[in-house]
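Okay, thanks everyone, I'll keep this short. Let me put the sequence and the structure up, and then we'll walk through from the whole chain down to one residue.

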Amino acid sequence: MTYSDLVNAWIQELNIYPSSEAETLVNWLLEHHLGLRRVDMVRFFEKDTLPSGLIHDFERLKLGEPIQYILGHGPFYGREFEVTQETLIPRNETEELVHLIIKENPGIGNKILDIGTGTGCIPITLFLEMKEAKVYGLDVSERALEVARRNAKKLHAVVNFLNCDILSDHPAISELDVLVSNPPYVPQKDQSEMHRNVVDFEPHLALFVPDEDPLIFYRVIGEKGKSLLKKGGRLYFEIYEKAAKEIKELLEKQGYDRVTVHSDLNGKERMITATWN
Ligand SMILES: C[S@@+](CC[C@H](N)C(=O)[O-])C[C@H]1O[C@@H](n2cnc3c(N)ncnc32)[C@H](O)[C@@H]1O
């Protein structure tokens with residue numbers, strides 16, 4: 001079998017994805033298993049046989065499992081982060097949120113807390129990209145925090161991780177320059193609109209909120225932010241596009257200033273920022 005025979009056959013079999021995406025996924029899997037660049041793979045196929053792990057992983061891909069869970073890692077802001085089924089897979093729009101924080105807070109020694117940290121991708125990246133930042137990350141899931149701690153160690157980032165349920169506990173932190181969160185925000189009833197590989201594989205604890213109170217995390221974090229943030233401190237949320245207007249109104253009602261909705265690169269309203277004065 002040649003490289004192109006195999007790639008074409010697998011693209012056909014991976015018909016749960018559009019063919020351009022299937023091609024990217026097949027090549028990602030091949031590169032991971034063979035440790036070869038695409039150009040070298042053509043030569044590999046002329047003389048070698050496929051490792052059995054590759055076939056097994058392809059079967060998982062066909063069943064809709066996200067490739068980051070299969071490989072055990074995924075990219076975020078130019079670095080690879082370990083992911084497990086206890087953690088959300090880091091998303092592009094979250095990279096944009098992190099980029100906004102870096103751009104808007106060029107000073108030295110910012111004190112930062114990330115609520116609902118998952119893999120730790122937000123605080124680890126902020127530690128590595130901002131000068132002398134003092135960074136905290138919290139999550140209710142101890143299993144997610146274990147992953148976050150491993151990521152920090154591997155990437156040489158100093159982050160204080162705390163196990164905390166933000167809906168019932170108050171973290172013992174104050175005088176923050178930046179409070180950031182990408183909290184769970186998808187109402188249960190919207191499950192049916194989501195891609196199967198998200199609903200079937202990613203942790204529901206990281207995704208869903210009750211239909212009767214979909215803004216619960218924004219309301220609670222906004223309220224707690226008043227004592228966590230210092231005067232002039234900045235709040236950064238990733239948001240559900242459908243809820244942008246309501247979250248803006250909520251934060252204005254809570255007394256925040258300069259409440260601003262930002263669009264991501266796809267033109268979707270996916271971030272909101274505010275100042276506590
Ligand atoms: C949407 S994920 C975000 C993960 C990561 N920050 C990212 O952007 O990839 C939300 C995170 O909030 C955590 N979480 C859910 N309920 C929580 C709670 N009550 N208190 C603290 N964290 C919570 C989940 O475990 C999950 O890691």
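So, secondary structure to begin with: the protein chain has twelve helices and eleven strands. Keep in mind that this is a predicted model. The radius of gyration is 21 Å, close to the 19 Å from the globule rule for 277 residues, so the chain is as compact as a globular protein of that length.

What share of the residues count as buried? That comes out at 34% of the 277. And on contacts: taking those with a separation of 6 or more, 64% are between residues 24 or more positions apart.

Next, the domains. The chain is divided in two, with domain 1 covering 3-63 and domain 2 covering 85-276. Their C-alpha centres lie 35 Å apart.

There's also an annotation to mention. UniProt, in an unreviewed entry, lists residues 110-249 as "domain: Methyltransferase".

Now the ligand. Which residues are closest to it? Those would be Gly116, Gly118, Val140, Asn182 and Ala206, out of 21 residues that surround the ligand. As for elements giving two or more residues to that shell, we have α7 (121-129) and α10 (204-207). By class, the shell splits into twelve nonpolar, seven polar and two charged residues.

You'll find Gln188 in the loop between β7 (186-187) and α9 (196-199).

What does Gln188 touch, once we leave out residues up to four places away in sequence? The answer is Phe208, Pro210 and Asp211. On a related note, Leu207 is 19 residues from Gln188 along the chain, and the C-alpha atoms of these two are separated by 8.9 Å.

Notes: Residues numbered from 1 in each chain as written. Predicted model: local features only at pLDDT ≥ 70, side-chain atom pairs only at ≥ 80, totals over all residues. Helix = DSSP H or I, 4+ residues; strand = E, 2+ residues; numbered from the N terminus. Rg over C-alpha atoms; globule rule 2.2 N^0.38 Å. Buried ≥ 20, exposed ≤ 12 C-beta atoms within 10 Å, placed from the backbone. Contact = placed C-beta atoms within 7 Å. Domains from an automatic or database assignment. Near = placed C-beta within 6 Å. Nonpolar A, V, L, I, M, F, W, Y, C, P; charged D, E, K, R; others polar. UniProt positions renumbered as here; feature names shortened; annotations may be inferred.
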